Structure formats: C-alpha cells, structure tokens
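Reader: I am new to looking at protein models. Could you walk me through this one, feature by feature?

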Amino acid sequence: MDIVLLVKAAVMGIVEGLTEFLPISSTGHLILAGSLLGFDDDKAKVFDIAIQTGAIFAVILVYWHKIKSTVVALPRQPKAQRLALNIFIGFLPAVVLGLLFGKAIKAHLFIPTVVASTFIIGGFIILWAEKRPPGSVRVEHVDDMSPWDALKVGLVQCFAMIPGTSRSGSTIIGGMLLGLSRQAATDFSFFLAIPTLIGAGVYSLYKERALLSVADLPLFAVGLVFSFISAWLCVRWLLKYISTHNFIPFAWYRIAFGIVVLATAWTGTVVWAD
C-alpha cells in the first residue's frame, strides 16, 4: 500500500472525526480536503462515508452507559421504550429521502462551491437560532421528547443531505428551534447519528462493492482508526463546551471559511476540483 495514500487516509479520518459532531459539516470538509489532497475519486467517496463508522464508535463509547441502560430496560421501562422509538422515528426520514434523492444529490451538489455557499447560509441560520428569546425551551431532557418531536428533528436532519449543511448542525440547531434545550438537542443528535451513519456506511459499501478489494483494507482501517480517535476527543470536548457556551463561534467559522473557499475559487488561488 502506498504510504502517501495511507497518510491521506489518516488526514481524512482526522477531518471526519473532528467535524462529524460539530455544526460545521463533516461532508463539506471532506469534500474540500479531498479536493486539496487529490483524494476525490469514486473510491474516495465510498471511503468518506465508510469512515463515519469510526466516528460513531466514539459516540457509542462516550454514551455507553446510557445506551446499555436503555437496551437493558427496553422490555419493561416506558422511558427506554420511548427513546428507542424516537430514535427509530427520527431515523426514517433520512432513509426514505436518501433512497429517493441521494444519487441525484451526489451527482450534482458534491462540489466545493455548493459546500462553501451552504457553509455561509448555515452560519447565518445558527446566528439566528442563537438569538431566540429565553423561555422558548419545551423539552429539557432527551428522555422527555415525544415521537412528534423526534419526527420533526428527523425531517430537519434531511437538510444535511445537501453537502456543507451539517448533519449535527441540522439536528442540534433544528432541535433547538423546535423547542429542545441545547443539551437535549445535542444528545438526540448523537443518538440519531448511530443508525443514520452506520446505515449510510453499510449501504455505501454494499452498493459500491465492485470498486473495492482486499487491498483497500489498510486504507479503510487507517481512516477508521483516526476517525475514531479524533471523534472521541471531539465529542468529549463538545459535551463540556455546550454546558457553558453557545454555537455562535461555529457560525462565524462557517461564514469565514465559506467566504475563503469562494474567494479562492473565484480568484483562481486554489483550484478546487469539481
């Protein structure tokens, strides 16, 4: 296996892990990073989706106690049953719309200029969401969500099919706008990520299996490992961060980064591959 290719896989894994659960779009950053590294062929696109599983393992590790207690209590505890049902309900819209429109979106929207534009738009949406008046929170804890709350967050998650939007940003900020507390929206975003990203990874690997071979295992293994490590560090940091901070810094980051990408593309300073 080419050492340079393994280094690129490690870099992409780190990018995935650090951006998957922040409201700044992991897909957008992977598209841009892949464009700069020349790691953007069809196999690389499968790789980008597959290494999300590494990030999900990090979430499972961080939330292991909650996940384990929920599974154990499923047969007898209504609260655990409601959480499991809510995750299932929130997961369904992404499955349906992903199967219907995923191929078309990948064919036409997975380009740097679209990513940069959605970075900027998403930044302004976060700024707007953070200015909501006090007292607009209806749901303080993820266990208090109703199936209707879960469905609405699941529908909002579908906006993340547009690259640069951010799955975590859509679910966290969308959840907050729908009346969830910052903590409840973040927790549900993480729980919802488990079936969503694992499902996307397995489906992508199966669908594009003709592109892959046993020789690709080291490449994917490196990406998964680095994705897991960086995501574990990021999730632990984010859970501490949201207890005392808002998402406004991420909004300004999105806006500034999007402007830089558009400016460099327009001036020709950086040749972003389409």
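Reader: Where in the protein is confidence lowest, and where is it highest?

Author: Confidence here is given as pLDDT, the predictor's own score for each residue, from 0 to 100. In this protein the lowest mean, 86, belongs to helix H3 (residues 42-50), and the highest, 96, to helix H8 (residues 147-157). Helices are DSSP runs (H or I, at least four residues), numbered from the N terminus. Over the protein, the mean pLDDT is 90, and 98% of the residues reach 70 or more. Where the score is low, predicted coordinates should not be read in detail.

Reader: What should I know about how the values were made?

Author: This is a predicted model, in which local features need pLDDT of at least 70 and side-chain atom pairs count only at pLDDT 80 or more, while totals for chains, interfaces and linings use all residues. Residues are numbered from 1 along each chain as its sequence is written, and side-chain values use heavy atoms, leaving out hydrogens and water.

Reader: How do H3 and helix H10 (residues 182-207) cross, and at what angle?

Author: The axes of H3 and H10 come within 8 Å and cross at roughly 155 degrees. H3 is therefore roughly antiparallel to H10 (under 35 degrees counts as roughly parallel, over 145 as roughly antiparallel, 65 to 115 as roughly perpendicular, the rest as oblique). The crossing is left-handed, meaning that the near helix is turned anticlockwise from the far one by less than a right angle; clockwise would be right-handed.

Reader: Which residues of H3 and H10 meet there?

Author: Contact means heavy atoms within 4.5 Å. Val 46, Ile 49 and Ala 50 of H3 touch Ala 200, Gly 201, Ser 204 and Leu 205 of H10. By class, the contact of H3 with H10 has 5 nonpolar, 2 polar and no charged residues. Ala, Val, Leu, Ile, Met, Phe, Trp, Tyr, Cys and Pro count as nonpolar, Asp, Glu, Lys and Arg as charged, and the others, Gly among them, as polar.

Reader: Is Gly 90 buried or exposed?

Author: Buried means under 20% relative accessible area, exposed over 50%, and partly exposed in between (1.4 Å probe, protein chains only). Gly 90 counts as buried because its relative accessibility is 0%. Apart from neighbours within four places in sequence, Gly 90 is in contact with Ala 150, Gly 154, Gln 157 and Leu 192.

Reader: Which backbone angle deserves a look at Ser 25?

Author: Look at phi: for Ser 25 it is positive, about 75 degrees, although this residue is not a glycine. Ser 25 sits in the loop between helix H1 (3-19) and helix H2 (26-37). With 2% relative accessibility, Ser 25 counts as buried.

Reader: What is the phi of Ser 166, and where does this residue lie?

Author: Ser 166 also is not a glycine, and has a positive phi of about 95 degrees. Its place is the loop between H8 and helix H9 (167-177). Ser 166 is buried, at 4% relative accessible area.

Conventions: Helix = DSSP H or I, 4+ residues; strand = E, 2+ residues; numbered from the N terminus. Axes fitted to C-alpha atoms, helices over the stretch in contact; angles between N-to-C directions.
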